[in-house]
Amino acid sequence: MERYVIWYRLWLKAYWKKTSHWLQVSGMAALLLVLFGISLPDGRNVTVGICYGADVYAKRIAAELAEGDGVFSFRIYDREEELYRDVTAGKAECGFLFREGFDGKMESGDLEESITYICTPMTAKGEVARETLYAALLGIRSEGILKRGETEIYGNTVPERTQRLLEQNRFFLEGNQIFHVEMEDLEAAESGKTPKPPGNGEAAGTAESGARESGGLVYPIQGMFGIFLFLIMFLAYGRKFEAGGYAVEKALAGMQRHIYGYTGCLAAGTLPAVAGILTLFFLGGAKGLDMVWEIVFLLLFLAVSGVWITAVCGFLRDGSAFLSGAVVITVGQLLVCPVFVDAGAYLPALKYVGSLFPVGIYLRLHGLLP
């Protein structure tokens, strides 16, 4: 064991003196700083912003949406700049801006370019929100259509008849006679429990749970930290393909050769890991990171990555295969591990594929936390 500690110390001392290694550490720390400054939309975010001026119809539509009991939580904004800022920051999933003169467009029936839809490339539920707003707009506009249609069909207007038409229209809009919706908890049904429609209080919990399971949880900060750290360790192992880089391993027996390479991987990842964990420590409070678990998971990640790299690189015979493998493995982990998108939420088999990679194991461990 003392021999392995000596190897590790010598490796660490060698990397400490390498300028290129410190540049890698600095680049990783800069990447984490940038990621901390980015606000990615939360998969459970159902807030939709609405901004309107003095138009009566716009106010009616906004009030109807805000007071409704649908999936979305509609928030009224007084200023256009605040709406754009919250959508850009990910505080609102998307937003709708009613243009001036909306009342006139509603009266004339020409609604072209009357509402501006605000979203980002990360918006996932915007299309559903658009349909929700359109349904509210159509419900209010249908009153004017009915009034005009009464005159065209009957040739005159009778207050009693107009009132009955409007009441019947509201009856179909607010009821479920046309669109009948049944809600069923599939988990409860599979476990033998009797499913029941959720009430107002239960609906919020179900929506949150569904977003966590079907939408998946992603870890952009820890994920990019893990990928960058893994890549540093992987590239450090590539020194064996340099001229004379494999001389020491050749002088060692089989198992000693692998342990020597493993200690080199651990030493290559030590300084970046310390820099990364310090960055998370100073900035992690804003993201609510549990630093104790972060350190535990990071130590496990270093240990697993060293074994994984030593095993995989044993099958790579030359420098070109090594560089190709580095690209394929890095891209593969970005795609199948829950860094920015949890592909396993859409194709469950990818959860198991992602768990074969060190970064996937590292992030799945985060998913076990309450």
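Contact here means heavy atoms within 4.5 Å. The model is predicted, so local features need pLDDT of at least 70 and side-chain atom pairs count only at pLDDT 80 or more, while totals for chains, interfaces and linings use all residues. Residues are numbered from 1 along each chain as its sequence is written, and side-chain values use heavy atoms, with hydrogens and water left out.

Beyond its neighbours within four places in sequence, Phe225 is in contact with Met28, Leu32, Pro272, Ala273, Gly276, Ile277, Leu280, Leu298 and Tyr362. Phe225 is also among the residues with the most contacts inside the largest nonpolar core, which has 40 residues. Such a core is a set of buried Ala, Val, Leu, Ile, Met, Phe, Trp, Tyr and Cys residues joined through side-chain atoms within 4.5 Å; buried means under 20% relative accessible area, exposed over 50%, and partly exposed in between (1.4 Å probe, protein chains only). Helices supplying at least two residues each include H2 (19-36), H12 (254-283) and H13 (291-313), and the largest share, 9 residues, comes from H10. Helices are DSSP runs of H or I, at least four residues long, numbered from the N terminus. A second, separate core of 18 residues includes Ile61, Cys94, Ala136 and Ile140.

Turning to the cysteines, the structure holds 0 disulfides (pairs of cysteine sulfur atoms within 2.5 Å). The sulfur of Cys313 is 6.9 Å from the closest cysteine sulfur, that of Cys265, which is too far for a bond. Cys313 is buried because its relative accessible area is 0%, and Cys51 counts as buried at 5% relative accessibility.
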